[in-house]
Amino acid sequence: MRFFVLRCALVLWLLLSGCAGPNGEDALPAASESLTRLASDGGHFQVSFTSELDPIAINQLHRWTLQVAAEDGTPVEGATISVKGEMPEHGHGMPTQPQMTADLGGGAYRIEGMRFQMGGEWTVTFTIAADGVQDSVTFHLKL
Ligand SMILES: [Cu+2]
């Protein structure tokens, strides 16, 4: 009888701990999505990015992929994109000049040359021109 009670307690513990893990992990994507998906300043584009390095490491050259959609969610193709990274508190930019190097289709664009030389607060601004419209979006990162 005592063994039975112990075994039930163990099963219960496994069930509870099994539930706690996935729930905690589920909360993370929603939080990071709000940092990586934004409307552009003028509301013309919905922009999100993914980094080849996740989490982003200091001083490591890497690529981002930018996803650009119109207000209604339609992918924006054939855009021209420029990139500017800055540390507002330090008054300096990135050591590199990141460039859009490929229009991957479906509203996806390859950005090469991303490198952050120190930890702290960064802004990364993308200026996007497509179909006669130009608009900017600024992502705020804490590295
Ligand atoms: Cu700095």
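Ser 51 is found in strand 2; strands here are DSSP runs of E with at least two residues, helices are runs of H or I with at least four, and both are numbered from the N terminus. The model is a predicted one, so local features need pLDDT of at least 70 and side-chain atom pairs count only at pLDDT 80 or more, while totals for chains, interfaces and linings use all residues. Residues are numbered from 1 along each chain as its sequence is written, and side-chain values use heavy atoms, with hydrogens and water left out.

Back to Ser 51. With a relative accessibility of 18%, Ser 51 counts as buried (under 20% relative accessible area; exposed is over 50% and partly exposed is in between, with a 1.4 Å probe and protein chains only). Apart from neighbours within four places in sequence, Ser 51 is in contact with Ile 56, His 62, Arg 63 and Trp 64, contact being heavy atoms within 4.5 Å. A polar atom of the Ser 51 side chain sits 2.5 Å from the backbone oxygen of Leu 53. The Ser 51 side chain also makes a polar contact with the side chain of Trp 64, at 3.5 Å. A polar contact here is a pair of N or O atoms within 3.5 Å; within protein, one must be able to donate a hydrogen and the other to accept it, and residues adjacent in sequence count only if both atoms are side-chain atoms. Ser 51 and Met 114 are 63 residues apart in sequence, and their C-alpha atoms are 9.3 Å apart in space.

Trp 64 turns up again among the aromatics. Searching the whole structure gives six aromatic pairs (rings of Phe, Tyr and Trp, the last by its six-membered ring, with centres within 6.5 Å; planes under 30 degrees apart are stacked, over 60 edge-to-face and the rest tilted). One of these is the stacked pair of Phe 49 and Trp 64, with 4.0 Å centre to centre and 5° between the planes. Phe 49 lies in strand 2 (residues 45-51) and Trp 64 in strand 3 (residues 62-70), so this pair ties together parts 15 residues apart in sequence. Phe 49 is buried at a relative accessible area of 8%, and Trp 64 is buried at 0%. Trp 64 also pairs with Phe 126, this time tilted, at 6.0 Å centre to centre and 40° between the planes. Because Phe 126 lies in strand 8 (residues 121-130) and Trp 64 in strand 3, that pair ties together parts 62 residues apart in sequence. Ring pairs link Phe 49, Trp 64, Phe 116, Trp 122, Phe 126 and Phe 139 into a cluster.

Met 87 (SD), His 90 (ND1), His 92 (NE2) and Met 118 (SD) coordinate the copper ion at 2.0 to 2.3 Å. Donors are N, O and S atoms within 2.8 Å of the metal (3.2 Å for Na, K and Ca), and since water is not among the atoms, sites may look incomplete. The four donor atoms subtend angles of 99 to 121°, so the arrangement is tetrahedral (four donors with all angles between 85 and 135 degrees). His 90 lies in the loop between strand 4 and strand 5 (92-93) and Met 118 in the loop between strand 7 and strand 8, so the two tie together parts 28 residues apart in sequence. Both are partly exposed, His 90 at 44% and Met 118 at 29%.

As for the chain overall, it has one helix and nine strands. Of its 143 residues, 30% count as buried.

Definitions and conventions
Four donors count as tetrahedral if all angles lie between 85 and 135 degrees; four count as square planar and six as octahedral if opposite donors are over 155 degrees apart and all others between 65 and 115; anything else is irregular.
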